[in-house]
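Welcome, and thanks for taking a look at this one with me.

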Amino acid sequence: MKTPLLPFAAAALGAALFATGCTTSVNTVEPAQPSGQRAMLPDKRVTTDPYLDNHVHIIAVNTTDTPAGFLKIQIEVKNLTSDTQTFSYQIEWFDQAGMAMHMPTDTTISRTIEGGETQEIVALAPTITAKDFRVKFLHPVN
């Protein structure tokens, strides 16, 4: 009698996909001594959602000015868990006097980050008069 292997193979494949879908991780490699040195910006953090901070953690903030004079920011975030996480962020821009600059491009952006992965959020000021910023991290917007 011939045993049908297709149902067993499909079940094994399904179990393997389910097991790998629950936990994710990312392996990375980079130069031990990078040629580009980042000028890290001392930052001020206000954490009102420890759950989010314990899952998607802000590692560093870096800024530079483009040759055209626009402020460019980079925020390094890391998923401290082994599971895929989603989060949202919103950037607020301020002028030289510290006044909020409400722009038509003000939106909340959603991101997905794999377990253990580090990502950079990079943004360019929408106008040359934007001299400062604040980034809000939120649970994902549905």
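Predicted model: local features only at pLDDT ≥ 70, side-chain atom pairs only at ≥ 80, totals over all residues.

## Strands, core and rings

S6 pairs with S2 in the antiparallel sense, over 7 bridges. Within S6, the residue standing opposite Ile73 is Ala123.

The largest nonpolar core has 20 residues, and Ile73, Ile75, Val77, Phe87, Ile91, Trp93 and Phe133 are the ones that touch the most other members. Two or more residues of this core come from each of strand S1 (56–65), strand S2 (71–79), strand S3 (85–94), strand S6 (118–124) and strand S7 (132–138).

Let's turn to S3, a mostly covered strand in which 8 of the 10 residues are buried. What does S3 pair with? Its antiparallel partners include S7, joined to S3 by 7 bridges, and strand S5 (residues 109–113), joined by 5 bridges. Strand S4 (residues 100–101) also pairs with S3 in the antiparallel sense, over 2 bridges. The hairpin of S3 and S4 has 5 residues between the strands, and there Gly98 takes a positive phi near 80°.

| Residue | Bridge partner | Strand of the partner |
|---|---|---|
| Tyr89 | Ile109 | S5 |
| Trp93 | Met101 | S4 |
| Phe94 | Asp132 | S7 |

Next come the aromatic rings. The structure holds 3 aromatic pairs. One of them, formed by Tyr89 and Phe137, is tilted, with 6.5 Å centre to centre and 40° between the planes. This pair links distant parts of the chain, as Tyr89 sits in strand S3 and Phe137 in strand S7, 48 residues apart. Tyr89 counts as buried because its relative accessibility is 6%, whereas Phe137, at 22%, counts as partly exposed. Trp93 and Phe133 make another tilted pair, 6.3 Å centre to centre with 55° between the planes. Here too distant parts of the chain are linked: Trp93 belongs to strand S3 and Phe133 to strand S7, 40 residues apart. Trp93 is buried at 6% relative accessibility, and Phe133 is buried at 17%. Ring pairs also link Phe87, Tyr89 and Phe137 into a cluster.

Which residues does Phe133 contact, leaving aside its neighbours within four places in sequence? They are Leu41, Val61, Thr63, Leu71, Ile73, Ile91, Glu92, Trp93 and Phe94.

One last stop is His55, found in helix H2 (residues 50–55). Is His55 buried or exposed? With a relative accessibility of 16%, His55 counts as buried. A polar atom of the His55 side chain lies 2.6 Å from the backbone oxygen of Tyr51. Leaving aside neighbours within four places in sequence, His55 is in contact with Lys78, Asn79, Leu80, Thr81 and Gln85.

Methods
Residues numbered from 1 in each chain as written. Heavy atoms only, no water. Core = buried A, V, L, I, M, F, W, Y, C linked by side-chain atoms within 4.5 Å. Buried < 20%, exposed > 50% of the residue type's maximum accessible area, 1.4 Å probe, protein only. Helix = DSSP H or I, 4+ residues; strand = E, 2+ residues; numbered from the N terminus. Contact = heavy atoms within 4.5 Å. Pairing = 2+ DSSP bridges. Polar contact = N/O pair within 3.5 Å; in protein donor to acceptor, adjacent residues only side chain to side chain. Phe/Tyr/Trp six-rings, centres within 6.5 Å; stacked < 30°, edge-to-face > 60°.
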